[in-house]
Amino acid sequence: MISRNTKNVLVVSFGFLSLFTAYGGLQSLQSSLNAEEGMGVISLSVVYASIIVSSMFLPHILIKNLGCKWTIVCSMCCYITYSIGNFYPGWATLIPTSAILGLGGSPLWSAKCTYLTISGNRQAAQEKTKNEDVINMYFGIFFFIFQSSAVWGNLMSSLIFGQGTSQGDIPEENLKYCGAALCEEDFIQGGNATRPPQHLVNTLLGCYIGVGVLAVILVAVFLDNIDRDNAREFRGNRTPFCGTFLATFKLLKDKRLIMLIPLTMYSGFEQSFLSGEYTKNYVTCALGIHFVGYAMICFGATNSLSSFMFGRLAKYTGRIPLFCLAATINLGCIIALLLWRPHPDQLPVFFVFPALWGVADAVWQTQTNALYGVLFPDHKEAAFANYRMWESLGFVIAFAYSTFICLSIKLYILLAVLILTMITYLMVEYHHHRNPMSSNNFNLDTQSESGATEKEKDGYKEAYIVKQTEM
């Protein structure tokens with residue numbers, strides 16, 4: 001029999017799996033499905049711009065007042081609206097639903113991080129073992145299950161869109177517009193970017209809404225409300241809004257967080273490149289939109305397995321070798337994508353790139369979360385709100401310039417950010433090695449300003465969240 005805490009971790013994991021089966025699959029298709037006037041990528045820019053705004057104040061407010069469980073439920077509902085908006089894609093439907101999704105994004109992830117960490121600490125207390133070992137295990141379970149959402153969401157899109165596709169030979173003169181070789185305003189029109197029939201699009205969106213609703217029901221019914229008492233106590237204290245709003249920004253006084261900004265933003269850059277640029281300029285252009293799902297399945301499969309593997313490997317190797325591995329993989333892929341001229345005859349190559357990208361992304365996601373936890377154990381809401389804010393800024397910038405500059409320039413920008421990321425990351429590790437106790441010395445004074453009780457402080461400090469994803 002599994003423990004109650006482990007049961008809760010599985011509920012959260014499968015809830016996120018179901019929710020992001022829908023959103024992840026839809027995000028991968030936006031640059032191809034709603035390509036007119038760049039509407040798809042602009043809607044994604046709005047999503048992440050809205051996440052930036054919500055990161056400033058919503059996670060702390062919602063988690064403290066509603067508790068982790070109901071924060072997750074409410075935030076999941078925001079994600080479902082985006083699928084509904086895609087039924088009638090237009091500026092009046094996609095932009096508002098993108099903003100709603102973004103408002104729920106930061107509270108969703110912050111609540112998940114807090115919930116899993118508290119569960120890990122409780123389970124460690126029961127087993128009388130080290131907190132960080134149980135927390136690492138729980139986050140390994142979560143990412144292993146969650147990252148597979150890319151497989152199922154993209155499999156649904158490929159199977160459904162494949163029903164209405166009659167693939168013919170693409171003229172050689174059209175293929176020259178694919179990849180980073182040329183820079184033409186209408187290059188994608190020269191490929192195979194025909195929009196699928198509307199009835200197939202509606203079928204897919206209906207399936208996505210269904211799995212999204214399933215996620216909400218799963219969490220609402222089966223997830224334990226483990227921090228109910230803390231939330232009730234916090235609501236009774238009438239916390240000043242100003243102190244809550246400023247909590248995210250006060251942490252920026254810590255120079256370690258400033259040095260982590262390039263690393264965090266790069267996470268947004270590299271994810272947006274794969275879902276927004278690679279899918280459109282390589283896969284859709286040369287093979288057709290129905291192949292996008294299959295390519296992203298390779299990404300999801302390697303991402304999921306690598307997340308689990310690195311979770312076990314990190315305690316033997318540490319973070320630095322894993323980050324260097326991810327940087328090397330991305331560096332090689334960027335150079336290869338600059339030189340590669342995609343052609344349908346090279347079918348296996350289209351799936352190698354997302355597979356390698358998935359291995360690297362597994363490091364960026366899990367180890368960056370872990371690093372934030374190690375550095376800021378006593379300020380988890382503010383730390384992870386900053387994480388979502390700066391990562392989202394990377395998404396916003398990448399999606400914003402997507403329709404204005406050439407693909408080759410985008411690859412050079414990605415390369416420059418990668419180099420800056422590794423320099424500043426190694427500086428953070430050096431500082432942490434020289435001052436290992438500094439993570440406990442920075443004081444936000446957030447709790448004293450908010451009027452929280454000592455009992456509440458102790459309850460949330462128990463979560464040594466830093467070690468949460470040291471995978």
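The model is a predicted one, in which local features need pLDDT of at least 70 and side-chain atom pairs count only at pLDDT 80 or more, while totals for chains, interfaces and linings use all residues. Numbering runs from 1 along each chain as its sequence is written, and side-chain values use heavy atoms, with hydrogens and water left out.

As for its length, α12 (residues 319-339) has 21 residues and reaches 31 Å from its first C-alpha to its last, close to the 30 Å expected at 1.5 Å a residue; that expected span is 1.5 Å times one less than the number of residues. Helices are DSSP runs (H or I, at least four residues), numbered from the N terminus.

Helix α2 (residues 39-85) packs with helix α3 (residues 91-127) at an angle of about 40°, their axes 6 Å apart. The axes are lines fitted to C-alpha atoms over the stretch in contact, and angles run from 0 to 180 degrees between N-to-C directions. Sorted by class, this contact has 27 nonpolar, 17 polar and one charged residues, with Ala, Val, Leu, Ile, Met, Phe, Trp, Tyr, Cys and Pro taken as nonpolar, Asp, Glu, Lys and Arg as charged, and the others, Gly among them, as polar.

Aromatic pairs are rings of Phe, Tyr and Trp (its six-membered ring) with centres within 6.5 Å; planes under 30 degrees apart are stacked, over 60 edge-to-face and the rest tilted. The count comes to 30 such pairs. One of them, W109 with F142, is edge-to-face, at 6.4 Å centre to centre and 90° between the planes. Since W109 lies in α3 and F142 in helix α4 (residues 131-146), the pair ties together parts 33 residues apart in sequence. Both W109 and F142 are buried. F144 and F308 make a tilted pair, because their ring centres are 5.2 Å apart and their planes at 50°.

Key. Helices (H or I, at least four residues) and strands (E, at least two) are DSSP runs, numbered from the N terminus. Buried means under 20% relative accessible area, exposed over 50%, partly exposed in between (1.4 Å probe, protein chains only).
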